[in-house]
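Please keep the sequence and the structure in view while reading.

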Amino acid sequence: MADKIIFTGTTHVKGGAEGYARSTNGILDLALPQPHPAAENLFAAAWSACFIGAVELAAGQRKIKLPASPEADTTIEVLMNDGGFFLRARLDVQVLGIDPVTARELIDTAHKICPYSKAVEGNIDIELNLV
């Protein structure tokens, strides 16, 4: 069976003092005069948005009605050592109105569902917190 495309995002980015990022669908249009921290903020926003959807999907799979939409604060850090640059991430996830054990299970399942989590798993340090 061929892969089925669910979503596609295409963004054009220009560097330099007049830099910008614009998505082809018009949803994103940002000035990017500096590449950092813009790249880290964009990655954090994209990962958070995907992760929230994965939490909702995990809840739906378990027939759990979420009383409130999940929320996430995601921090992406660029670090440097003798080997070069690398990333580290922390996701602080809120799943309000659900007991902490179930909420933790949902975010752990979401981490296995989310394509962004899959893409970085084993490649960067990830701290996944229920807050």
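Two strands are said to pair if DSSP finds at least two bridges between them, and helices (H or I, at least four residues) and strands (E, at least two) are DSSP runs numbered from the N terminus. This is a predicted model, in which local features need pLDDT of at least 70 and side-chain atom pairs count only at pLDDT 80 or more, while totals for chains, interfaces and linings use all residues. Residues are numbered from 1 along each chain as its sequence is written, and side-chain values use heavy atoms, with hydrogens and water left out.

The protein chain holds three helices and six strands, and, read from the N terminus, its elements follow the order β-β-β-α-β-β-α-α-β. Along its principal axes, the C-alpha trace spans about 50 × 40 × 35 Å.

We begin with the sheet of E1, E2 and E3. These three strands form an open sheet in the order E1-E2-E3, with antiparallel pairing. Strand E1 (11-14) and strand E3 (29-31) stand at the edges with a single partner strand each, so one side of each is left without a neighbour in the sheet. From one strand to the next the twist averages 10°, where angles run from 0 to 180 degrees between N-to-C directions and axes are lines fitted to C-alpha atoms, for helices over the stretch in contact.

E1 and E2 pair in the antiparallel sense over four bridges; within this pairing, Thr 11 has Ser 23 of E2 as its bridge partner, and Lys 14 stands opposite Tyr 20 in E2. The hairpin of E1 and E2 has five residues between the strands, and there Gly 16 takes a positive phi near 95°.

E4 and strand E5 (residues 84-94) pair in the antiparallel sense over eleven bridges, with Phe 85 in E5 as the bridge partner of Met 80.

The contact draws on residues of H1 including Trp 47, Phe 51 and Leu 57, and on residues of H2 including Leu 106, Ile 107 and His 111. By class it has eleven nonpolar, three polar and no charged residues, where Ala, Val, Leu, Ile, Met, Phe, Trp, Tyr, Cys and Pro count as nonpolar, Asp, Glu, Lys and Arg as charged, and the others, Gly among them, as polar.

The last feature is a pocket, which on a 1 Å grid over the protein atoms alone is an open set of points where a 1.4 Å probe fits, with protein on both sides within 12 Å along at least five of seven lines; its lining residues have an atom within 4 Å of a point. The largest pocket has a volume of about 800 Å³, a volume being the space filled by probe spheres set on the grid points, which are joined across faces, edges and corners. Of the 20 residues lining the largest pocket, the closest to its centre are Thr 8, Gly 9, Ala 46, Ala 49 and Tyr 116. Helix H1 (38-61) and helix H3 (115-120) each supply at least two residues of the lining, and the largest share, seven residues, comes from H1. The lining divides into 13 nonpolar, seven polar and no charged residues.

Methods: Contact = heavy atoms within 4.5 Å.
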